[in-house]
Amino acid sequence: MTTRTVRVVAALIPGPVDTQRFLVQQRLPGGSRALLWEFPGGKVEAGETDEVALARECREELDVELAVGRRLWEGKHTYPDLTVELVLYAARVVSGEPKPLGAHALAFHTPVEMQTLPFCEADIPLLDELVAGRLGALD
């Protein structure tokens, strides 16, 4: 059985005070992967570039305008119901304060603190790379 594949873009957004902390969000209850943590972002729609999709998703779900930087990481994970192609971009908020419009909760955590949270499986290899400092310059 083949599963559908979705391209998902995510943002590594440093905190406004402590740039060693990054924004993560908890998924809404009741949906797929309910209450697991992930990096902000979402699906790339037909005709969108990764950067446009990431800016749109963060506008819709966080009520912020983003400046999207370089690609930091890319990976693929297959869940029972779908395959996720996940791409992480460096990003920063240029206007607005993040609000949990499309999430159960938001938090700024260090990568080590993130390892104590239940993350979506697709995000775990990315989190390991972040903790190990293997993503390169984050701006």
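Tutor: Ala53 lies in helix 1, residues 50-62, where helices (H or I, at least four residues) and strands (E, at least two) are DSSP runs, numbered from the N terminus. Please keep in mind that this is a predicted model, in which local features need pLDDT of at least 70 and side-chain atom pairs count only at pLDDT 80 or more, whereas totals for chains, interfaces and linings use all residues. Residues are numbered from 1 along each chain as its sequence is written, and side-chain values use heavy atoms, with hydrogens and water left out.

Student: Is Ala53 buried or exposed, and which residues is Ala53 in contact with, leaving aside its neighbours within four places in sequence?

Tutor: Burial is read from relative accessible area: buried means under 20%, exposed over 50%, and partly exposed in between (1.4 Å probe, protein chains only). Ala53 has a relative accessible area of 0%, so Ala53 is buried. For contact, we ask for heavy atoms within 4.5 Å; with neighbours within four places in sequence set aside, Ala53 is in contact with Val9, Lys43, Val44 and Glu48. The C-alpha atoms of Ala53 and Tyr89, 36 residues apart along the chain, are separated by 11 Å.

Student: How should I read helix 1 as a whole, and which of its residues are buried?

Tutor: An α-helix has 3.6 residues a turn, so residues three or four places apart point the same way. Helix 1 has 13 residues and reaches 17 Å from its first C-alpha to its last, close to the 18 Å expected at 1.5 Å a residue, the expected span being 1.5 Å times one less than the number of residues. Its buried residues are Asp50, Ala53, Leu54, Ala55, Arg56, Glu57, Cys58 and Leu62, and these pack against strand 1, strand 2 (22-26), strand 4, strand 5 (65-78), strand 6 and strand 7 (105-109). After the helix comes Asp63, which has a positive phi, near 60°.

Student: Which strand runs parallel to strand 1, and what is the bridge partner of Val8 in strand 4?

Tutor: Two strands pair if DSSP finds at least two bridges between them. Strand 1 (residues 4-12) runs parallel to strand 6 (residues 82-95), to which 9 bridges join it, while its pairing with strand 4 (residues 41-43) is antiparallel, over 3 bridges. Val8 illustrates both pairings, with Leu86 as its bridge partner in strand 6 and Lys43 as its bridge partner in strand 4.

Student: With which side chain does that of Glu38 make a polar contact?

Tutor: A polar contact is a pair of N or O atoms within 3.5 Å; within protein, one must be able to donate a hydrogen and the other to accept it, and residues adjacent in sequence count only if both atoms are side-chain atoms. The side chain of Glu38, a residue of strand 3 (residues 37-38), makes such a contact with the side chain of Arg27 at 3.0 Å. Glu38 counts as buried because its relative accessibility is 14%.

Student: How many salt bridges does a search of the whole structure find?

Tutor: A salt bridge is a side-chain nitrogen of Lys or Arg within 4 Å of a carboxyl oxygen of Asp or Glu, and the search finds 15 of them. In one, the side chains of Arg21 and Glu113 meet at 2.7 Å, N to O. Arg21 lies in the loop between strand 1 and strand 2 and Glu113 in helix 2 (residues 111-114), so this pair ties together parts that are 92 residues apart in sequence. Another joins the side chains of Asp81 and Arg33 (3.4 Å, N to O); Asp81 is in the loop between strand 5 and strand 6 and Arg33 in the loop between strand 2 and strand 3, 48 residues apart.

Student: Which residues have the most contacts inside the largest nonpolar core?

Tutor: In soluble globular proteins, nonpolar side chains tend to be buried together. A nonpolar core is a set of buried Ala, Val, Leu, Ile, Met, Phe, Trp, Tyr and Cys residues joined through side-chain atoms within 4.5 Å. The largest has 25 residues, and those with the most contacts inside it are Phe39, Val84, Leu86, Leu88, Met114 and Leu130. Strand 1, strand 2, strand 5, strand 6 and helix 3 (124-132) are the elements that give two or more residues to this core, and strand 6 gives the most, with 5 residues. Apart from this core lies another, of 14 residues, among them Ala11, Leu62, Tyr89 and Ala91.
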